[in-house]
Each structure stands twice: as C-alpha cells, then as structure tokens.
Amino acid sequence: MTLLEAIDLRRSRRKYLSDPIPPDMAESLIALADEYSKSGGMRMELVFSDGAAFNGLRKSYGMFSNVQNYAGLIADENDFSAVERLGYFGELFMLHAVSTGLGTCWVGGSFDRGSCPFQLTGGESVVCVITLGYTPQRDSPREKLIRGVTHLKTKSAEEMTDADSPVPGWFTDGMRAVEKAPSAVNRQPVMFSCREGKVTAGIKDAGSFSMLDLGIAKLHFELGAMFGDGILRGKWDFGNNAEFVYE
C-alpha cells in the first residue's frame with residue numbers, strides 16, 4: 001500500500017480491539033518513531049499495552065474505547081516550529097501505521113496527560129497523541145456519530161487555494177490530498193498560495209493545534225503532488241507562510 005492509498009483509507013478510529021500489536025510490528029514502529037524524531041528535531045515516543053491515559057469517562061469523555069497503544073508527540077508547547085514538525089512527521093508516522101493495517105486517531109484533548117509514562121524535561125509537554133491498534137471492521141455507532149458531527153462542513157481544495165492563474169496539475173493533485181488531511185475539529189485552517197510560480201502555505205492563527213494542522217497539511221500536499229506521476233516536486237520549508245522548495 002502506498003502512502004497516498006493510506007491517505008484514502010485513513011479515518012479516525014476510536015474503538016479498538018484487545019488484540020495486541022505483534023512484537024515485530026512494534027519494533028518497526030519504534031524504529032520509525034526514532035527516525036522521525038531525529039529528522040524532525042522533536043520527540044515521538046510509543047506506549048504499548050498501557051491504557052491509563054484513556055481509562056474512565058472522566059479522561060476520555062467516553063469518546064474512546066480500549067485504547068492500549070499510542071504515540072506521544074512531545075515538544076516545548078511554545079515552540080511552534082517544533083509543533084509544526086510534530087504534525088508533519090506525526091502524520092507521516094500515522095500513514096505508515098495505517099498501511100500496516102492499524103487503526104489510528106489524532107487526539108489533542110480527550111486523554112489524561114498526567115497518566116502518560118513520559119519523562120518530560122524543561123518546558124516539554126505532551127502536545128497530543130496518536131492512538132494505534134486493531135479496530136473492528138465497521139465503525140461503531142458512536143464513531144459514526146462523532147464523524148458526522150465533526151465533518152458537517154468540509155472545505156474544498158478551491159476554498160483553501162489562493163492563486164493568480166491556473167495552477168499546474170501537480171498542485172491540484174497536492175490540494176486533493178490536502179482535502180483529506182485531518183485537522184483539529186475539522187477546521188482545515190491552512191491556506192495554500194500559488195502566485196508568480198511561488199507556492200506557500202500558512203495559517204492566520206499561529207496557535208499550537210493550528211501549527212500542528214499546518215504540518216499535517218504540508219505532508220499531504222507533498223505526497224499528493226508526488227504520487228500523481230511519481231515525481232518528487234519538492235519539499236516544504238518549515239514555518240508559517242514558508243515556501244515549497246522545488247527539487
């Protein structure tokens with residue numbers, strides 16, 4: 001399965017089965033998290049067979065069931081550049097997990113940060129987590145309800161594009177992938193500009209979760225633009241309103 005196919009398959013799953021993640025798969029996920037932590041200059045740590053952060057209605061508001069595995073995304077919460085990188089590499093990690101057959105979900109608030117077994121230093125905090133695990137073949141009624149509420153309005157690629165002339169096909173392919181990018185409460189706050197041959201991406205509100213959304217959207221754009229014909233078009237600089245650097 002390609003990562004673009006994983007984008008099409010991915011959806012937020014909140015109910016998990018008790019089946020454990022096999023040791024060899026867990027080792028591969030740990031290695032991937034370590035690789036992305038080094039590449040992104042942030043921290044991504046995995047937790048297996050420990051659902052303390054999600055146990056009880058008080059912590060998860062009843063939105064999650066049987067979460068036992070997750071990736072903790074850790075950074076100084078005021079370092080917005082690090083939070084953006086968490087979004088980029090966290091979504092890349094998530095898509096790889098989806099490609100192996102695991103269910104996943106970005107979680108920003110419906111868990112107990114104090115119950116996460118991470119050793120934090122300085123100004124570090126758990127920005128968010130990505131749940132991992134095997135899921136029922138069909139969505140539960142609660143999952144369908146939550147998805148219906150959070151996806152009442154989804155922006156089109158055109159609504160997230162500011163262009164001064166017709167855009168190239170690879171840009172359109174990138175934006176089609178951006179349409180499918182997860183974002184906090186489905187706000188889809190990232191605007192992509194294509195003017196005078198220069199492509200940038202930015203948000204108006206540089207809050208923590210908005211910067212996370214920015215990183216996620218940039219990753220989707222890169223994958224969509226590349227997998228249209230297999231050509232790597234370029235890579236994003238990190239930062240609000242940063243430029244897409246052509247290969």
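## Second largest pocket and cysteines

The second largest pocket has a volume of about 190 Å³. A pocket is an open set of points on a 1 Å grid over the protein atoms alone, where a 1.4 Å probe fits, with protein on both sides within 12 Å along at least five of seven lines; lining residues have an atom within 4 Å of a point. The volume is the space filled by probe spheres set on the points, which are joined across faces, edges and corners.

The model is predicted: local features need pLDDT of at least 70, side-chain atom pairs count only at pLDDT 80 or more, and totals for chains, interfaces and linings use all residues. Residues are numbered from 1 along each chain as its sequence is written, and side-chain values use heavy atoms, with hydrogens and water left out.

Among the residues that line this pocket are Leu9, Arg13, Val98, Tyr134 and Thr135. The lining comprises 4 nonpolar, 5 polar and 3 charged residues, where Ala, Val, Leu, Ile, Met, Phe, Trp, Tyr, Cys and Pro count as nonpolar, Asp, Glu, Lys and Arg as charged, and the others, Gly among them, as polar.

The structure holds 0 disulfides, a disulfide being a pair of cysteine sulfur atoms within 2.5 Å.

| Cysteine | Closest cysteine sulfur | Distance |
|---|---|---|
| Cys116 | Cys128 | 11 Å |
| Cys128 | Cys105 | 11 Å |
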